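Reader: I would be grateful for a close look at the pockets of this model. Please describe their linings, and then the part of the chain that lies beyond them in your account.

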Amino acid sequence: MQYTLTYKAPIGSLLLAGDETGLTGLWMKGGKYFADTLGAEYKEMETPILKDAKRWLDIYFSGREPEFMPPLHLSGSPFRMMVWDILKRIPYGNTMTYGEISFLAAEKMGKSRMSAQAVGNAVGHNPVSILVPCHRVIGAGGSLMGYAGGVDKKAALLMLEGVEFKDEEHVDIKKYQWEC
């Protein structure tokens, strides 16, 4: 059984989902793949896992790096799971390019190269945004590229972490300003 709750974040409402094992989803309302891995049967209820996720988000949105990670229960193809594992290793306040992730994925698979487009697809289908930091993935030239939750939200998250990026002056994040 999955359980859900809505979290009011400075960037808008987030839907959290979890089961008895861990967090299974964290989606931005209105995002491209909103609740796409949420099962047909779920119950709106705060569980200990969802409570931990809320506490993590409270710390994160206060401008600090949380010192713990709620349990995660991700499911996907072996390739997606590998890419999401790479995402989890991108440190707070840092970024990685799609090309760098492609290189690491190819290396793990014993291949000489890997399609950045395949990596981009896996990054975009990350079911637990923010905690599995797909917002920290940028283009080779430092541009933001896409983000399932919206590029403005990606920019706001990176700015919260103190990351500078190429498109900063072109992204309207005024609606996401908050005190740190």
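**Pockets and a covered helix**

Author: In this predicted model, the second largest pocket has a volume of about 210 Å³. Its lining is made up of 14 residues, and those closest to the centre are Trp56, Glu65, Met69, Lys88 and Arg136. By residue class, the lining of this second largest pocket holds ten nonpolar and four charged residues, with no polar ones.

The largest pocket has a volume of about 370 Å³. It is lined by 22 residues, of which Tyr33, Gly124, Tyr147, Ala148 and Gly149 are the closest to its centre. Here the lining divides into eleven nonpolar, nine polar and two charged residues. Strand 3 (23-28) and helix 4 (116-124) each contribute at least two residues to the lining of the largest pocket. Helix 4 gives the largest share, namely four residues.

Strand 3 also takes part in the packing of helix 5: the buried residues of that helix pack against strand 3, helix 1 (48-61), helix 3 (98-109) and strand 6 (137-138). Helix 5 spans residues 151-160 and is mostly covered, with seven of its ten residues buried. The buried residues are Lys153, Lys154, Ala155, Ala156, Leu157, Leu158 and Leu160. After helix 5 comes Gly162, which has a positive phi near 80 degrees.

Conventions
Residues are numbered from 1 along each chain as its sequence is written. This is a predicted model: local features need pLDDT of at least 70, side-chain atom pairs count only at pLDDT 80 or more; totals for chains, interfaces and linings use all residues. Side-chain values use heavy atoms; hydrogens and water are left out. On a 1 Å grid over the protein atoms alone, a cavity is a set of points where a 1.4 Å probe fits but cannot get out, and a pocket is an open set with protein on both sides within 12 Å along at least five of seven lines; lining residues have an atom within 4 Å of a point. Grid points are joined across faces, edges and corners, and a volume is the space filled by probe spheres set on the points. Ala, Val, Leu, Ile, Met, Phe, Trp, Tyr, Cys and Pro count as nonpolar, Asp, Glu, Lys and Arg as charged, and the others, Gly among them, as polar. Buried means under 20% relative accessible area, exposed over 50%, partly exposed in between (1.4 Å probe, protein chains only). Contact means heavy atoms within 4.5 Å.
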